[in-house]
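Here is a short briefing to read alongside the model. Have the sequence and the 3D view open, and let's walk through it together.

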Amino acid sequence: MKAFTVSKAVTVLMLAGLALLPLYSHLTGNIFILTLFTRIIILALAAASLNLIMGFGGMMSFGHAAYLGIGGYAVGMLAQEGVGSGFIQFPVALAASAIYALVIGALSLRTRGVYFIMITLAFAQMAYYVASGLARYGGDDGLTVYNRSDFSGLINLGNRTQFYYLCLACLFGVIFLIWRIVNSRFGLVVQGLRSNEQRMQAIGFPAKRYQLVCFVISGTMCGLAGALLANNTDFVSPAVMYWTRSGDLMVMVILGGMGTLFGPIMGAVFFLLLEELLSQITEYWALIMGPLLLLIVLFGRGGIMGALGRAGRG
């Protein structure tokens, strides 16, 4: 069996499983699994957005979780002020994330390597501390979202199944958009900059402009995940922007396979299911999960997608 056939078959099975999950939940009466996978899909969306700049663009952002928080707080703050329409909340969440990504990108892309990583981390921590100081919106304790976004009867986010399919549709939409981007002329230039920035500049491409646009698109996508996350948990707190959450997103991307279309989804599913399983076994689950993930990253080159490719060749 060819390598691409193995990965394609597993990907199709995974996507089919995600699409049919509400049916399984309904037939078995298992509400928890639907709630768990709603969270997984939202974080998979965030991981996919990070993969756009990290896997395809070679930009190692260590502050990507900031957009999760910005998107979530946009929904929460507007709800707190009496603006409950999703037709207002979601565009504001996307716009706020895009603007913050534009600011971060314009400054951080002046640097390279570890300096780029540290600047993105610093901006994320800045957002974290600003949110912690917003006493009107809960400060360190976070902000409760008492009413989910209202789409005027078009879709009911209070219905678990409808909300799940909304999140899944957003994930598929983002994956399709990323596929279109990376296979477009723009995407090929971004990937070329990842491979050899100096050569691309030498033949006339404005490197920073292309990278900045890609950076803003990625941040906007993650802001969408943040808006969905706030509706899912009915709560948003500064903790969602902390650097450890950005680290989790990076692990999901690396675990699934950087620079692959469906790798971040597989990484998110594996990471979060493993986290849930180990947390039920012992309260010291992190001591088991940490070394396990380290071994996978060190010896499983290419992540899950890479392993599937090697299995097919074997």
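Helices (H or I, at least four residues) and strands (E, at least two) are DSSP runs, numbered from the N terminus. This is a predicted model, in which local features need pLDDT of at least 70 and side-chain atom pairs count only at pLDDT 80 or more, while totals for chains, interfaces and linings use all residues. Residues are numbered from 1 along each chain as its sequence is written, and side-chain values use heavy atoms, with hydrogens and water left out.

**Confidence**

- The mean pLDDT (the predictor's confidence in each residue, from 0 to 100) is 92 for the chain, and 98% of the residues score at least 70.

**Annotated transmembrane regions**

- An unreviewed UniProt entry places the feature "transmembrane region" at residues 86-107, 114-131, 163-182, 210-229, 249-274 and 286-308. UniProt positions are given in the numbering used here, feature names are shortened, and annotations may be inferred rather than shown by experiment.
- Residues 163-182 are 100% helix and 0% strand, with 29 Å between the end C-alpha atoms.
- For residues 249-274 the figures are 77% helix and 0% strand, and the end C-alpha atoms lie 15 Å apart.

**The nonpolar core**

- A nonpolar core here is a set of buried Ala, Val, Leu, Ile, Met, Phe, Trp, Tyr and Cys residues joined through side-chain atoms within 4.5 Å. Buried means under 20% relative accessible area, exposed over 50%, and partly exposed in between (1.4 Å probe, protein chains only).
- The largest such core has 101 residues, and Leu68 and Leu228 touch the most other members. Helix α2 (residues 31-56) gives the most to this core, with 18 residues.
- Leaving aside neighbours within four places in sequence, leucine 68 has contacts (heavy atoms within 4.5 Å) that include Leu43, Ala46, Cys222, Val240 and Leu249.
- Leucine 50 lies in helix α2 and is buried, with a relative accessible area of 0%. Not counting residues up to four places away in sequence, leucine 50 touches Gly55, Ser61, His64, Ser218, Leu249, Met250 and Val253. Leucine 50 and valine 253 are 203 residues apart in sequence, and their C-alpha atoms are 7.6 Å apart in space.

**Aromatic pairs**

- Rings of Phe, Tyr and Trp (its six-membered ring) pair if their centres lie within 6.5 Å; planes under 30 degrees apart count as stacked, over 60 as edge-to-face and the rest as tilted. This rule gives twelve aromatic pairs.
- Phenylalanine 116 and phenylalanine 215 have ring centres 6.2 Å apart and planes at 85°, so they form an edge-to-face pair. The pair links distant parts of the chain, with phenylalanine 116 in helix α5 (residues 113-132) and phenylalanine 215 in helix α9 (residues 207-233), 99 residues apart. Phenylalanine 116 and phenylalanine 215 are buried.
- One aromatic cluster is formed by Phe62, Tyr128, Tyr129, Tyr242 and Trp243.

**Cysteines**

- With a disulfide taken as a pair of cysteine sulfur atoms within 2.5 Å, the count comes to zero.
- The cysteine sulfur closest to that of cysteine 167 belongs to cysteine 170, and at 6.5 Å it is too far for a bond. Cysteine 167 is buried, with a relative accessible area of 1%.
- Cysteine 214 is in no disulfide either, as the nearest cysteine sulfur, that of cysteine 222, is 14 Å away. Cysteine 214 is buried, with a relative accessible area of 1%.

**Residues worth a look**

- Serine 152 has a positive phi of about 55° although it is not a glycine. Its place is in the loop between β1 (143-144) and α6, and serine 152 is exposed, with a relative accessible area of 60%.
- Aspartate 234 has a positive phi of about 55° and is not a glycine. Aspartate 234 sits in the loop between α9 and β2 (235-236) and counts as partly exposed at 28% relative accessibility.
- Glutamate 275, in helix α11 (residues 263-281), is buried, with a relative accessible area of 17%. Apart from neighbours within four places in sequence, glutamate 275 is in contact with Arg39, Trp285 and Met289.
- Alanine 286 is found in helix α12 (residues 285-299) and is partly exposed at 46% relative accessibility.
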